[in-house]
Amino acid sequence: MTAAKGTMGSMILSFPYRGGLSWPLRLVRLAGLVVLILSLLPDPSWSPWQTGLLTAVSVGWLLWLFADWLTMPWQTAVLLLIGLAGGVLTGLSPHGVAIAFPAVALLDAATRLRTRYSLPITAAVVASTVAFDSWDRVLEHGLILLAAALVGALRWQHLQRVEQADLLQTQVQRAAVLAERTRIARELHDVQAHALAALSVQLKVIDALVEDGASANRIRESSSIVPSN
């Protein structure tokens with residue numbers, strides 16, 4: 001049992017990515033990206049830097065829609081791209097809707113990546129947002145980002161508990177199957193042992209009758225008296 005727990009724990013700790021995006025959720029996020037872009041682009045005061053940041057965030061957002069096929073380094077890089085570019089864009093843009101970019105990045109980082117990866121991402125994204133944001137919005141945006149990271153961390157814990165329960169259930173089912181196989185094997189062994197014992201008794205009786213010179217009919221009658229099972 002201890003070995004099973006150790007194996008289960010190592011599997012959970014070594015699992016880098018959780019909860020792939022379903023296709024409906026991908027479409028929802030794609031629609032959200034379109035809405036955010038349309039909400040930000042009409043501003044004529046935007047500089048080329050802001051346009052470049054929005055382009056970078058959009059590319060990262062599209063890549064993250066297919067994060068299931070990305071390795072851990074690529075997942076981390078894409079989330080950093082969305083979070084950092086989105087954070088700087090939030091600080092430079094007068095539209096508060098841009099905060100959705102770094103908030104979603106932190107939410108997904110805390111939900112899907114290990115803590116050793118998600119914590120540096122959270123610190124970097126919050127720092128980039130605060131560094132370029134105006135003082136009157138620093139507290140509001142900082143709280144939004146921290147709340148997103150906290151929700152992601154809670155989601156991570158929930159997924160971890162669910163996976164632990166699934167692995168434990170698998171171990172229990174496997175143990176039940178092995179126990180049933182052992183029971184059947186034991187019963188077959190007992191039946192075979194009983195049959196062999198009965199056969200041994202019959203052979204001894206027949207051997208004794210043959211030594212006494214008994215007739216064939218008597219030998220046949222004597223062997224039928226001894227039960228065969």
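**Close-up views of a predicted helical model**

**View 1. The largest cavity.** About 50 Å³ of space lies in the largest cavity of this predicted model. A cavity is a set of points on a 1 Å grid over the protein atoms alone where a 1.4 Å probe fits but cannot get out. Its volume is the space filled by probe spheres set on the points, which are joined across faces, edges and corners. Lining residues have an atom within 4 Å of a point. Here they are Arg 29, Trp 61, Trp 64, Leu 65, Ile 82, Val 104, Ala 105 and Asp 108. Two or more of them come from each of α3 (48-64) and α5 (100-112). α5 gives the largest share, three residues. The lining has six nonpolar, no polar and two charged residues. Nonpolar covers Ala, Val, Leu, Ile, Met, Phe, Trp, Tyr, Cys and Pro; charged covers Asp, Glu, Lys and Arg; the others, Gly among them, are polar. The structure holds two cavities of 30 Å³ or more.

**View 2. The second largest pocket.** The second largest pocket has a volume of about 160 Å³. A pocket is an open set of grid points with protein on both sides within 12 Å along at least five of seven lines. Its lining includes Leu 113, Thr 115, Ser 118, Trp 156 and Gln 157. α6 (115-132) and α7 (135-211) each supply at least two lining residues. Six lining residues are nonpolar, four are polar and none is charged.

**View 3. Gly 83 in helix α4.** Gly 83 lies in α4 (residues 72-92). Gly 83 counts as buried because its relative accessibility is 0%, where buried means under 20% relative accessible area with a 1.4 Å probe, protein chains only. Beyond its neighbours within four places in sequence, Gly 83 contacts Pro 102, Ala 105, Val 125 and Ser 128. Contact means heavy atoms within 4.5 Å.

View 4. pLDDT stays under 50 over residues 1-18. This score is the predictor's confidence in each residue, from 0 to 100. Where pLDDT is low, the predicted coordinates should not be read in detail. The protein averages a pLDDT of 81, and 79% of the residues score at least 70.

**Notes.** Residues are numbered from 1 along each chain as its sequence is written, and side-chain values use heavy atoms, without hydrogens or water. In this predicted model, local features need pLDDT of at least 70 and side-chain atom pairs 80 or more, while totals for chains, interfaces and linings use all residues.

Technical notes: Helix = DSSP H or I, 4+ residues; strand = E, 2+ residues; numbered from the N terminus. Buried < 20%, exposed > 50% of the residue type's maximum accessible area, 1.4 Å probe, protein only.
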